[in-house]
Amino acid sequence: GNQTDGPELLAMLPKQTDADLEFGIVRSLRGFKIAGSVETLAAELSDEKSHLIRIAAYHAIAHQGDDAALALLQKSVAERLANGSQEGDAQENAVAVHGVLALGELPNSHSLAVLESIVMNSANSVSVRSTAFDSIATIGGQDAQLVARRALKNESNASVLVYIAHAVTILGDASDASACLEKAETVSDSYTKNELRQAARTIQQMQR
């Protein structure tokens with residue numbers, strides 16, 4: 001809880017040769033806000049770093065909470081997922097998931113374009129696309145609602161639709177309840193169908 005330790009920890013990072021210690025430092029920096037730290041933390045997102053270091057770096061950057069942190073997260077996540085995520089590589093997929101989560105930890109409507117590009121790209125894994133809807137719902141607002149509506153209309157993957165239903169429950173209004181019911185009639189998976197119907201019921205109750 002001593003914020004004066006943050007700069008000292010940050011200064012240790014460029015000198016590290018022990019990956020375990022480097023991970024510990026980056027992870028601990030999630031508890032500090034340090035002016036000018038984003039440039040140093042950006043180096044921890046390099047593909048040469050272990051997946052655990054990169055995961056920790058995403059969350060440490062989000063915790064900084066400034067414009068530089070937001071810009072770095074948006075750029076890194078967009079570039080990492082431009083050609084889809086590596087679903088067959090569990091470690092790289094985990095890095096991608098945590099990058100998307102970090103955008104939700106630093107909620108800003110300007111991140112919605114990045115998140116929508118991720119969810120619309122079927123080359124991204126189900127876990128990455130589903131997590132993106134959690135971040136979209138966290139960001140909230142009318143623009144997030146529109147993203148969720150477009151996704152509800154166009155998505156065909158049953159697993160992803162479950163997460164869209166959750167997002168629409170948070171973001172939607174009466175018209176979205178009807179859209180959920182209509183979508184439910186187009187899917188064969190019983191669990192997904194029930195989740196869409198439940199989302200519609202929840203929205204309808206909230207509108208009363």
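At what angle do helix α10 (residues 158-171) and helix α12 (residues 190-206) pack, and how far apart are their axes? This is a predicted model, where local features need pLDDT of at least 70, side-chain atom pairs count only at pLDDT 80 or more, and totals for chains, interfaces and linings use all residues. Residues are numbered from 1 along each chain as its sequence is written, and side-chain values use heavy atoms, leaving out hydrogens and water.

Here are the two helix pairs. Helices are DSSP runs (H or I, at least four residues), numbered from the N terminus. Axes are lines fitted to C-alpha atoms over the stretch in contact, with angles from 0 to 180 degrees between N-to-C directions.

| Pair | Angle | Axes |
|---|---|---|
| α10 and α12 | about 5 degrees | 9 Å apart |
| α9 (residues 142-154) and α11 (residues 174-184) | roughly 20 degrees | within 10 Å |

So α10 and α12 run roughly parallel to each other (angles under 35 degrees count as such). Their contact (heavy atoms within 4.5 Å) includes L161 and V162 of α10 and L196 and I203 of α12.

α9 and α11 are therefore roughly parallel to each other too. In this pair, Q145, R149, L152, K153 and N154 of α9 meet S175, D176, A179, C180 and K183 of α11.

Leaving aside neighbours within four places in sequence, I136 touches L112, L115, V119, A144, V147 and L171.

Notes:
Angles under 35 degrees count as roughly parallel, over 145 as roughly antiparallel, 65 to 115 as roughly perpendicular and the rest as oblique.
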